[in-house]
Amino acid sequence: MMDESELETELRNFGVDVHDIDDVDPVELSYITAYPGDEVNHMEMGKVLNAFLDMEEEDDWEPKRVEATVLRFEDEVLNTWYAKAEWFTGLREYRISETEFSTRVLETLDEDLE
């Protein structure tokens, strides 16, 4: 089982600017976006999710709920999103499509964070 520092290293290897990982079950991740506009960059969210999917495929990570906080700067929250453990498992087991997985995660963006 990965600890916070190993998980942070793996995410950084995928190009994610990790600000902090508070826990691994659920994963409580905050990262600084490379796109500090008005909305969360969906491709960047995909990069974060793909990192977890790749770690799972390599048997380095057991699917857990991922709770992400996207930071515009170190002290300014842009938005939050999450992915449930069963969504990762459903994708791996071909019970849901990549599109459905992405849609579910995108629907968790907290639009009321303004």
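1. Glu 93 is partly exposed at 41% relative accessibility, and Arg 92 is likewise partly exposed at 42%, where partly exposed lies between buried (under 20% relative accessible area) and exposed (over 50%), with a 1.4 Å probe and protein chains only. The two form a salt bridge whose closest N and O atoms are 3.5 Å apart, a salt bridge being a side-chain nitrogen of Lys or Arg within 4 Å of a carboxyl oxygen of Asp or Glu.

2. This is a predicted model, in which local features need pLDDT of at least 70 and side-chain atom pairs count only at pLDDT 80 or more, while totals for chains, interfaces and linings use all residues. Residues are numbered from 1 along each chain as its sequence is written, and side-chain values use heavy atoms, with hydrogens and water left out.

3. Arg 104 and Glu 100 both lie in helix H4 (residues 98-106), four residues apart, or about one turn of the helix, and their side chains meet in a salt bridge at 2.5 Å, N to O; helices here are DSSP runs (H or I, at least four residues) numbered from the N terminus. Arg 104 is partly exposed at 27%, as is Glu 100 at 32%. Elsewhere, salt bridges that share partners join Glu 56, Arg 92, Glu 93 and Arg 95 into one network.

4. The side chains of Arg 65 and Glu 67 also meet in a salt bridge, at 2.8 Å from N to O, and Arg 65 is partly exposed, with 30% relative accessibility. A search of the whole structure finds eight salt bridges.

Technical notes:
Helices (H or I, at least four residues) and strands (E, at least two) are DSSP runs, numbered from the N terminus.
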